[in-house]
Amino acid sequence: YFLQAQGEAHAIREEVGEPNLKVQMDLYHAQIVEGDLSVKLRRWIGQVGHVQIASVPDRHEPDGGELSYPHLFGLLDELGYTGWVGCEYRPAEGLGWFAPYRRKG
């Protein structure tokens, strides 16, 4: 890929300087390449237009592996993120992991 790190994407966004230009933050790839996801979310959440998730390192449902998605989802709420969270993974079980986050009625 042309860009390898969140900082590179945000440097381009800053150089372009358009308020409607946002960055996709793929938490799977950000963890694999850089780590420190909580720090990166706190730094850039205002310029993130989409968050994408999968477990690390297996790229399956986000209910195992080295990332704590309950923590990261709580942080997204704390930071006021209101955008979409997309799932990109090779399903082993499906959406069972999602039950605690489903909005009621």
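I began with helix H3 and listed what its buried residues pack against: helix H1 (6-16), strand E1 (23-26), helix H2 (27-33), strand E2 (48-53) and helix H4 (69-78). I took contact as heavy atoms within 4.5 Å. Helices (H or I, at least four residues) and strands (E, at least two) are DSSP runs, numbered from the N terminus.

Notes on the source: this is a predicted model, in which local features need pLDDT of at least 70 and side-chain atom pairs count only at pLDDT 80 or more, while totals for chains, interfaces and linings use all residues. Residues are numbered from 1 along each chain as its sequence is written, and side-chain values use heavy atoms, with hydrogens and water left out.

**Entry: the sides of H3**

I looked up which residues of H3 (residues 37-44) are buried. They are Leu37, Lys40, Leu41 and Trp44. They cover an arc of only 100 degrees around the axis, which puts them on the same side of H3. The arc is that of the directions from the helix axis to the C-beta atoms. Buried here means under 20% relative accessible area, exposed over 50%, and partly exposed in between (1.4 Å probe, protein chains only). I then checked the face turned away from the buried side. It carries the exposed residues Val39 and Arg43.

**Entry: H3 against H4**

Two packed helices are described by the angle between their axes and the distance between the axes. I read both for this pair. H3 and H4 pack at an angle of about 15 degrees, with their axes 11 Å apart. Axes are lines fitted to C-alpha atoms, for helices over the stretch in contact, and angles run from 0 to 180 degrees between N-to-C directions. H3 and H4 are therefore roughly parallel to each other. Angles under 35 degrees count as roughly parallel, over 145 as roughly antiparallel, 65 to 115 as roughly perpendicular and the rest as oblique.

Which residues meet in this pair? From H3 I noted Leu37, Ser38, Leu41 and Arg42; from H4, His71, Leu72, Leu75, Leu76 and Glu78. The residues of this contact divide into five nonpolar, two polar and two charged. (Ala, Val, Leu, Ile, Met, Phe, Trp, Tyr, Cys and Pro count as nonpolar, Asp, Glu, Lys and Arg as charged, and the others, Gly among them, as polar.)

**Entry: the sides of H4**

In H4 I found Tyr69, Leu72, Phe73, Leu75 and Leu76 buried. They cover an arc of only 155 degrees around the axis, which puts them on the same side of H4. Pro70, Asp77 and Glu78 are exposed on the other side. The buried residues of H4 pack against H2, H3, E2 and strand E3 (85-87). Just after H4, I saw glycine 80 with a positive phi of about 80 degrees.

Most residues other than glycine have a negative phi, and most peptide bonds are trans. I looked for exceptions.

Aspartate 36, in the loop between H2 and H3, has a positive phi of about 55 degrees. This aspartate 36 is exposed, with a relative accessible area of 53%.

Arginine 59 lies in the loop between E2 and H4. Its phi is also positive, near 60 degrees. Is arginine 59 buried or exposed? I found arginine 59 buried, at 18% relative accessible area. Leaving out residues up to four places away in sequence, arginine 59 touches Tyr28, His29, Ala54, Glu88, Tyr89 and Arg90. Tyrosine 28 is 31 residues from arginine 59 in sequence, yet 7.4 Å away in space, C-alpha to C-alpha.

Proline 57 is in the loop between E2 and H4. A cis peptide bond joins valine 56 to proline 57, with omega about 10 degrees.
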